[in-house]
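Here are some brief notes for a colleague opening this structure for the first time. Please keep the view open while reading.

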Amino acid sequence: MLLITAADFADALRECERAALHLEVQDTYETPEESEPFARFLAGEPDDYTWMSEWVALVRETTDRGIAVRRARVVTVPHVDYQRWTLEVSRVNIAAGEEIRYLPRHLVSPDELTVDDWWLLDDRVGFTVFEPGGRWAGVAVTADRNIVDRCRAVWNLVWQRAIPHIEYVENSLR
């Protein structure tokens, strides 16, 4: 495995030829980059989402090339504050061209998942690496066929069962 930086990851996304698929399995993240916007959300303050501008531009660039960018979130219900926040923030990702679905954790067996978050970039898997304090440290990338096949199988199962963002939001408000 090779640990790549944020710039290298952006290049890897730009090199995708078919799809960039992201599985998230944690209910909360402690990334310093999100701490201020998350605090604003908790305080009921508005957000202009400028802190997401680089990501939004990269997603638009990728989807404009015809590459699918998809994110599946496995979440515990009832939602923790962080997941309530992602339901709002996801609107920005979706406007940039990303498809996002949610799968309530109780609808999937832990044996059917992986314990780590990862990206499936065509035929490579990049496991998200965080420092102990929560800062994003990079992505550990591998093309090992067994790992890629396992992640693809997990992805297919989760994506099939997951609920598109708009439907999930509508149903969770009932």
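1. Start with the source. This is a predicted model.

2. Look at helix H1 (residues 6-15) and helix H3 (residues 53-64). Two packed helices are described by the angle between their axes and the distance between the axes. Here the axes come within 9 Å and cross at roughly 20 degrees. H1 is therefore roughly parallel to H3, because angles under 35 degrees count as such. The crossing of H1 past H3 is right-handed.

3. Now the side of each helix that meets the other. H1 brings Phe9, Ala10, Leu13 and Arg14. H3 answers with Trp55, Leu58, Glu61 and Thr62. Sorted by class, this contact holds five nonpolar, one polar and two charged residues.

4. Leaving out residues up to four places away in sequence, Thr62 touches Leu13, Ile67 and Val69. Leu13 belongs to H1.

5. Turn to Ala96. It sits in the loop between helix H4 (81-95) and strand E4 (99-104). Its relative accessible area is 4%, so Ala96 is buried.

6. What does Ala96 touch, not counting residues up to four places away in sequence? The contacts are Val56, Val59, Arg60 and Thr63. Take Arg60: it is 36 residues from Ala96 in sequence. In space, the two are 5.1 Å apart, C-alpha to C-alpha.

How values were computed:
Residues are numbered from 1 along each chain as its sequence is written. This is a predicted model: local features need pLDDT of at least 70, side-chain atom pairs count only at pLDDT 80 or more; totals for chains, interfaces and linings use all residues. Side-chain values use heavy atoms; hydrogens and water are left out. Helices (H or I, at least four residues) and strands (E, at least two) are DSSP runs, numbered from the N terminus. Buried means under 20% relative accessible area, exposed over 50%, partly exposed in between (1.4 Å probe, protein chains only). Contact means heavy atoms within 4.5 Å. Axes are lines fitted to C-alpha atoms, for helices over the stretch in contact, and angles run from 0 to 180 degrees between N-to-C directions. Angles under 35 degrees count as roughly parallel, over 145 as roughly antiparallel, 65 to 115 as roughly perpendicular and the rest as oblique. A crossing is left-handed if the near helix is turned anticlockwise from the far one by less than a right angle, and right-handed if clockwise. Ala, Val, Leu, Ile, Met, Phe, Trp, Tyr, Cys and Pro count as nonpolar, Asp, Glu, Lys and Arg as charged, and the others, Gly among them, as polar.
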